[in-house]
Amino acid sequence: MTIRTEERTLHLEGSCPVEAAEEVLQALGDGGIDAIDLNDCTHLHTAVLQVLLHARLPLRHMPALPSLRAWLAVLPNTTAPDVKT
Amino acid sequence: MNDLLEQFLLEARDLIEEAASGLLEIERDGTPERMNAVFRALHTLKGSSGLFDFPPLTTLLHAAEDRLSALCRAGAGVSPDLVDLLLQTLDQTSEWLAQIEAEGRLPADAPVAEARLVAALRSGLADGQAMGSAKRAAMDVPPALVAADAVLAGLPNAQRQAITDRIKAGEGLTAITYTPASSCFFNGDDPLGLMLQVPEVVGCSIAVPPEWGGGEAFDLFRCELAFHALSFAPRRELEALLRYVLDQAQLTEVDPAAFAEAAPSDPGSTPSLSGAAAAACAILDEQATMLETPCPPEALAGRIESAAPAAGHVLAALGEPAEAIAQAAAASRAAASGGMLAGAIRVAREALADKALADKATPLSPSWPGVGRPSAPHRRSADARDKPGHDEGAAPLSGEREAPLPSAVRPGGDAGPPKAESTDRGSHVLRVDQGKLDLLMAQIGELVVAKNSLPFLARKAETTYGVRDLARDIKDQYAVIDRIVQELQGAIMSVRMLPIGQVFQRFPRLVRDLSRKLGKKVELVIEGEDTEADKNVIESLYDPLLHMVRNSLDHGIEAPEERIAAGKPPQATLRLSARQDNDQVVLEIADDGRGIDPAKVRRRAYERGLLDEAALEQMSDRDAVMLIFRAGFSMADRVSDVSGRGVGMDVVRTAVDQAGGRIDVSSTVGQGTTIRIRLPLSMAVSRVMSVHVGQHLFGVPMDLIVETVKLGRHALSRIGNHDACVLRGKVVPLVELADLLELGAEACAQETEIPVLVTSFNGQTIGLVVSGFGENMEVILKPLDGVLAGARGYAGTALLGDGRILLVLDPRELMP
């Protein structure tokens, strides 16, 4: 799992376990982030998803995994929904 | 090790005990009521284990919990084999916990053991599970619309049409509403992960609490989401997937007719209510109807109690005022009639319906596709829906499961029962590291010693400085301090006191396992488990008791046939009892087995070369029976894995000796054996008697002293190299304490009367010749440490009030 901020976008990559929730919340709380990128995310723990839902930040990229994408439709999806190639 | 893990390990042990004793009780009495307690214990254990990264542990406990929950639902009895299996699971868990405590991780072979046990637990589960869920389904009110609607709202028309077509083609669509417990993260659950595994999902949505406006603080660790999914997968398959969370999830077949209604091909064009409002209205209708249905007065209270929060939930979740409901509920309660509440609910329902129709034009949550207000009430409704389903049974159930109205209305206030319970327990019991208590006790010990110096100071004031008034004042002050210190001592002792039941409760399991193994029928009777003793004493008890119980089962108690032949009932009774006797705890292990035959013991002792013939001849039967406590003695002809290695009873005596106790056996051939152990209540304060040997002062533990006598010279006789005397018809060998301590011959001067301290230990009576007797005192005994640690013959040291050090002897180690 990697959590990094790049160009005011929080990138969640790999499998984000429950422990990531706190880190994500922290990162969002610090400010300076106005979008989420889940392109390389393989799994989101519910707790992490909850943090994202609560933050209501737009999503730059949906995860590549179709199953995960279907469920993540709840995330505000303001920009291109397609997978980055 | 972090605090959390430490706490978990502590709690886990208790929970394992609880589960194990519950299982044994279920097996013995066949009482399914205990099942819930066992289930709860396992559930909590599994839940807490999920906080840490020990997957095999959590998986194993999960499997055990499943097995139990299937049993609970099926209401089936428990076979001894299943109890064996569950106990094995608990054993494995304890073993792992010990390993985690020692090394911070599970053993390398844990996954293997886990797989084996899980396979065993899962086999035979399928039947029970299917039965259970069939029952469940029958009880459920179909909430298909709730999930279907929530999901469909977010679907494009084409997809919705495709689903409708498949349903029309006869495929079964199952709606899943999964509202994870708010504490589910602590159980190691990942609801999204679980939902991702749902096969053949055609539509899904996640409901977010309506009050999330953004910006407000929220609890990261509470799961506030709810999940809806529609799946064409067979119901059985879905149930298998969701088996761990069946209490939080609802599976419903979607009725094609209802579906068509709930999924208008062009939403917005029909004036019917959709989504939340429809579900809410349905729930409110249900509540009102339930209240209006005639029922016996005693059931009415229950209905009101369940309808009011349910309606309250729904309204609160939709952001509607719920005060009117609460008021009406109070009025209904007072009037013992459901009419008022039903009326209020109907009014609220109409208001809601009107409002929803009016709102139809404007989407409720424009920025949140598929989430937000419309879906939130479904989550509440899932809770509320349980209630009317139970009808009459709702009153006690709702009392147990739901918080009262005010907190239940609070969004997400419905924490699961296990959590609520653990906080309850936590508020009354404080777990403290024993080291801290030991420190406290050591300091109080110091205080006792410091306090004891005051009388010396008073004497000094009087004799050395000649101020008698000051001396008197010091003595007065001493009396005050003395009283406080005594209370303090009593308080710390009582903190350290634990009920003996803590040790006893391990035995039902042991007796069960052993008697099964040995093919004997034994009933274990436990008495006086509330008797309290110091923690150290309690802990020192387990090993001796274990050996004695094993011996009793192996040697004492006969096989059923033998018992019948002897005219006894086939089931033997083993009685473990404890009681307090002054400042001692008396423990008895009594069986009604074959008893100990003194002649046989003598013979065996002779064969093993423990004693010569002459000594055995002289020995009374009672003393002969005591031989079973000699090292190397065993009555068994062969070594079994139960006992017979000739170490057991020796261990018992050593342990009891170390704890400052005494052991005694009485046995009647053919009728049984009773072993009695006396232990001091507390080992913190020892009673010693001080004796003078020449210029030196020594302490001798009081419990070894039989009596003090002063003998005239004429009473001494010389047998071989030793002096001896005759006391109450028995020959007592005399030993000069000065010789034993190698203090030189200065002691025993040519006095007319010789002070003799008659002591008894290791089954023999010995007279210690001293120069004079001092006083009895209570001291805090400190073991020798540092370079003196290995010195034999000393039990420890104690500080006297005047600052001198009293060496306390251990005559057992002094004897050559």
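A salt bridge is counted here where a side-chain nitrogen of Lys or Arg lies within 4 Å of a carboxyl oxygen of Asp or Glu. The model shown is predicted, so that local features need pLDDT of at least 70 and side-chain atom pairs count only at pLDDT 80 or more, while totals for chains, interfaces and linings use all residues. Residues are numbered from 1 along each chain as its sequence is written, chains are lettered from A in the order in which they are written, and side-chain values use heavy atoms, with hydrogens and water left out.

**View 1. The interface between chain A and chain B buries about 2300 Å².** Of this buried area (the accessible area, with a 1.4 Å probe, that two parts lose on being put together, summed over both), 73% is on carbon and sulfur atoms. On the chain A side, A:Gln50, A:His54 and A:Trp71 lose the most area to chain B, together 37% of what that side buries. In terms of contact (heavy atoms within 4.5 Å), 21 residues from chain A and 31 residues from chain B take part. Between the two chains there are 0 salt bridges.

View 2. The largest share, 7 residues, comes from H2(A).

**View 3. A salt bridge joins B:Asp438 to B:Arg496.** The closest N and O atoms of the pair are 2.7 Å apart. Because B:Asp438 lies in helix H20 (residues 434-463) and B:Arg496 in helix H21 (residues 468-496) of chain B, the pair ties together parts that are 58 residues apart in sequence. Over all chains, the structure holds 32 salt bridges.

**View 4. B:Met619 is placed in the loop between helix H27 (613-618) and helix H28 (621-626) of chain B.** Not counting residues up to four places away in sequence, B:Met619 touches B:Arg602, B:Leu611, B:Ala624 and B:Leu627. The C-alpha atoms of B:Met619 and B:Arg602, which are 17 residues apart along the chain, are separated by 9.0 Å.

Conventions. Helix = DSSP H or I, 4+ residues; strand = E, 2+ residues; numbered from the N terminus.
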